[in-house]
Amino acid sequence: MAGDDTSRNNIGNECNENKRQGTISSARFNLLSSMVGGGSLSLPLAFHQTGNLFVAPILLVVTSILAQQSILFLVKAGVYSTASAERGSSGDNNGEMASRQNNNLGNKKGTATYENVASQAFGSKARIFSMALVCVCCFAGTVGYAVLLRDMLEPIVDSLVKPPEGMGGGPTLARNAAMLFVVFCITPLTTWKNLTALRNVGAASMASVATVGLCVAYRSIECQLGVGGSEEREVDSDTANNDNLRAFPLSMKELLDAIPLFISSFICHFNVLPIHNELRCPTSDRVTQWVRTSIWPATLFYYIIGLTGSMFAKCTPSGTVQGNILLDFDEDDSLLLLGRLCLAMTITLAFPMLVIPARDILVRSIMPHAQGTRLGRRFLRQSQFQNTTHGHTSDIPNDIAVQDDGGLTTVEFEPMEISQVGNLEEPLLVLENRSMASTSDSYEFLENASMPSMQLGGGGGDADSKVARTLVAICVFWSAAGLACSVQSIDVVWDLVGSSFSIMLAFLIPCGAYLKLARRKRFDEAQDGGMGFRKWMVSRAVAWGMILVFAPLMVISTLNACYNSFFAKSS
């Protein structure tokens, strides 16, 4: 009996691990903490360069709309790619499980990954390229955040350990030691299995970055009103009369310099699919709510800090603002000291969001079978068997909750047409009964189901996976922190990554993958009187338009970043 209890407990644990446990709230905070961070401090410069009264707000809103659409394209491509992979392995099932167990698969975690989307759309070489792209972006972001963390801790460290004579900003032994101590404290969070477990971390991160924004806005308003300590600043007479409010950029060069700053503020796509895989009941309405309630609060925050920060140019000796707005304030400003500490907290809590995607990709490449448990793989084979025996010819299953005669809520699979995925007013995974009570019934059935035919073993694979996650996370995180110790300025990396890799990661690959994968899906033009077909064509036109805009923009921005980094300073 003890062995039976242990086996049942193992089954229950694996059931829990394979259930979608993410809520819209946790998904929102995780996406926001992946997107909003230290990069928002560069938006005052972007607003100042492009015109904070007209052009900058327009660019911000347009970028947010395109970022939202690219996230939705990526989610749809993830659904398509998972369905294609399941169809390709459908011949391996043995059909030994009961159909009522398969009916609960709608609650199982998703398996979509960024590299699988690229592989399904463009081939095996694209898989390797996308893995390298995500790892490079996450690694560079980790290095940049480590350098920014060291800068934020600089006043505190210098007050305790006096820096060498004539030493300005940059690495010193004491500053690096303080930064590495914070890295050591946050390292355990980078070894956690999934992002849903970090939901409270994301909430704390957003509270910290909101505090930074309020501090900047307060000091900027004081500057405009001429109250507080702003009147004591030494400002050139020419600078005082300089327009800190303008509608248009002074030159095309300034516009090109600012565009990557707007784009990089919305980069979170490396975490979109992992978060979506964890989201409970990922219907179209819930996915739409999740994305919109993440993008638009971030846009509002960006607008406030961008506008108020750019207006502070009136109180700077140069009449402009720096790439990090906090550097324009006095180091002994007590309010901005609070802002620096809050930003340091935000950066610290954002580290797991950057390390975990790169870690998971490396673990999947080292241990291809480390992701997922035996229970989940058996469920997957059953799903494929049931779809075959019921004659479902569609590649994309979606969950429909129905009530059986016994009053038990179960889940059946129905084919999904392109009209259902082409726009977010139609369901990605439809639930006729949208109440969470029905979903909870399905979870309870799945958890308590008796499955004697499963041979789960002792869980050694999960232990190996945990060890691999821990070792890879430490290697990625500490190698980035070690590199940051020798970096004087991260400007070159930010410019190059923000102008090229970020555009490719967030816009070109998601849009291209959606176009490629959606083209393979069958569509009944007669359905909905042809309305779904027109919506599908509109989505494809939008994807093509984004590619035609961002492909040349990536080339131009990369050339401009190279010029700024290697030629402008020397000349």
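User: Is cysteine 281 buried or exposed in this predicted model?
Analyst: The model is predicted, with local features needing pLDDT of at least 70, side-chain atom pairs counting only at pLDDT 80 or more, and totals for chains, interfaces and linings using all residues. Residues are numbered from 1 along each chain as its sequence is written, and side-chain values use heavy atoms, without hydrogens and water. Buried means under 20% relative accessible area, exposed over 50%, and partly exposed in between (1.4 Å probe, protein chains only). Because its relative accessible area is 7%, cysteine 281 is buried.

User: Which cysteine does the disulfide join to cysteine 223?
Analyst: A disulfide is counted when a pair of cysteine sulfur atoms lies within 2.5 Å. The structure holds 1 disulfide. Its S to S distance is 1.7 Å, and the partner of cysteine 223 is cysteine 315.

User: How many residues apart in sequence are the parts that this pair ties together?
Analyst: Helices are DSSP runs of H or I with at least four residues, numbered from the N terminus. Cysteine 223 lies in helix α9, whereas cysteine 315 lies in the loop between α13 (284-311) and α14 (334-366). The pair therefore ties together parts whose separation in sequence is 92 residues.

User: Which residues is serine 208 in contact with, leaving aside its neighbours within four places in sequence?
Analyst: Serine 208 lies in helix α9 (residues 199-225) and is buried, at a relative accessible area of 10%. Contact means heavy atoms within 4.5 Å. Leaving aside neighbours within four places in sequence, serine 208 is in contact with Cys342, Met345 and Thr346.

Conventions
Helices (H or I, at least four residues) and strands (E, at least two) are DSSP runs, numbered from the N terminus.
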